[in-house]
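Subject: Structure handover

Hello,

Here is the structure I promised to pass on. Please open it first, then read my notes below.

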Amino acid sequence: MKFSIATWNINSVRLRMPIVEQFLVRYQPDIICLQETKCQNDLFPSKPLRALGYEHIIVHGQKGYHGVAIASRLPLSEDHRQDYCGVGDARHISAIVQHNGRRIRLHNFYVPAGGDEPDRSINPKFGHKLDFVEEMKALHAEREPGVSSILVGDLNIAPLENDVWSHKQLLKIVSHTPVETEGLLEVMKRGAWLDLMRQNVPESEKIYTWWSYRAKDWAAADRGRRLDHIWSSADLGLHLEGIDILKEARGWTQPSDHVPVTARFSL
DNA sequence: ATGGTTGGCTACCAA
């Protein structure tokens, strides 16, 4: 049986419902995980999502900033939200999804961007990001017996050399500094997570999921970064059919600066 | 080296 899950930093879900609907109608993922919804729970646009068949919706929002949500055609249960760093930000939501007799724990993350200066002594936002990543190291893909795991989201770190347009030029740029990339690789290693995008595309090839709003012509410059990720426990890696990075969505009307990434499984 | 753009919400901050 087919099973697919998409992740998209939507940068205001209310503003971008037209392109969310366009994506769901055209590509029909079973589940969509959103980040940066920037919307309180009672204002979340559940109705149009339900109308498209996404009847199971869990949200963790706050006013103005951050916010994560999961909308699913399959039942969700045992949902929870972890307050990473104990600062009250809405940056994580999790639930168990049931598919074809299998139970999958799904985590949806929005890791702090970390500001501009990659030095925690002068930039507390960078310190917060490092602390957040440190706390993620405790999350293991095989934590619950008999339950597989998927972790998705905007992790705001491009860990590999070909996850950025120029490794050399970005080494001191927040999202690609060694302390961040090593930290994220340690999260994967300690938690036994598989990088599904890199299982699908060799490390020698460039992959981007984000292109800055600040470029004059994002497509011509093509200075992207892979900030969005889909990880899984080892058992699910065997069932991955493919990964789709919808670069085209960066050129849609009033786009997010991130594009949707979808993992397709046969399970 | 610098500045570039976007969104939310209030007269700036975060990204």
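This is a predicted model: local features need pLDDT of at least 70, side-chain atom pairs count only at pLDDT 80 or more; totals for chains, interfaces and linings use all residues.

DNA strand B

Of the DNA strand B atoms that come within 4 Å of the protein, 67% belong to sugar and phosphate. By class, the surface near DNA strand B has eight charged, five polar and five nonpolar residues.

The side chain of Arg16 has an N or O atom 3.1 Å from a phosphate oxygen of DNA strand B. A polar backbone atom of Tyr213 is 3.0 Å from a sugar or linking oxygen. Arg214 takes a base: an N or O atom in its side chain is 2.6 Å from a base nitrogen.

Helix 3

Next, look at residues 124-136. This is helix 3, with 13 residues. From first C-alpha to last, helix 3 reaches 18 Å, close to the 18 Å expected. At its start, a side-chain oxygen of Asn123 comes within 3.0 Å of the backbone nitrogen of Lys125.

Which residues of helix 3 are buried? They are Phe126, Gly127, His128, Lys129, Leu130, Phe132, Val133 and Met136. Their cover includes strand 7 (102-110), strand 8 (147-154) and helix 5 (178-190).

Strand 5 runs antiparallel to strand 6 (residues 92-99), and three bridges join them. His80 stands opposite Ser94 in strand 6.

Gln28

Last, a loop residue. Gln28 sits between helix 1 (17-27) and strand 2 (31-35). Is Gln28 buried, exposed or partly exposed? Its relative accessibility is 42%, so Gln28 counts as partly exposed.

Leaving aside neighbours within four places in sequence, Gln28 is in contact with Ser4, Phe23, Tyr54 and Arg73. With Arg73, the two side chains make a polar contact at 3.0 Å. The Gln28 side chain also reaches the backbone oxygen of Val25, at 3.0 Å. His176 is another matter: Gln28 and His176 are 32 Å apart, C-alpha to C-alpha, and 148 residues apart in sequence.

Best wishes

How values were computed:
Residues are numbered from 1 along each chain as its sequence is written. Chains are lettered from A and ligands numbered from 1 in the order in which they are written. Side-chain values use heavy atoms; hydrogens and water are left out. A residue is near a molecule or strand if one of its heavy atoms lies within 4 Å of it. A polar contact is a pair of N or O atoms within 3.5 Å; within protein, one must be able to donate a hydrogen and the other to accept it, and residues adjacent in sequence count only if both atoms are side-chain atoms. Ala, Val, Leu, Ile, Met, Phe, Trp, Tyr, Cys and Pro count as nonpolar, Asp, Glu, Lys and Arg as charged, and the others, Gly among them, as polar. Helices (H or I, at least four residues) and strands (E, at least two) are DSSP runs, numbered from the N terminus. The expected span of a helix is 1.5 Å times one less than its number of residues. Buried means under 20% relative accessible area, exposed over 50%, partly exposed in between (1.4 Å probe, protein chains only). Contact means heavy atoms within 4.5 Å. Two strands pair if DSSP finds at least two bridges between them.
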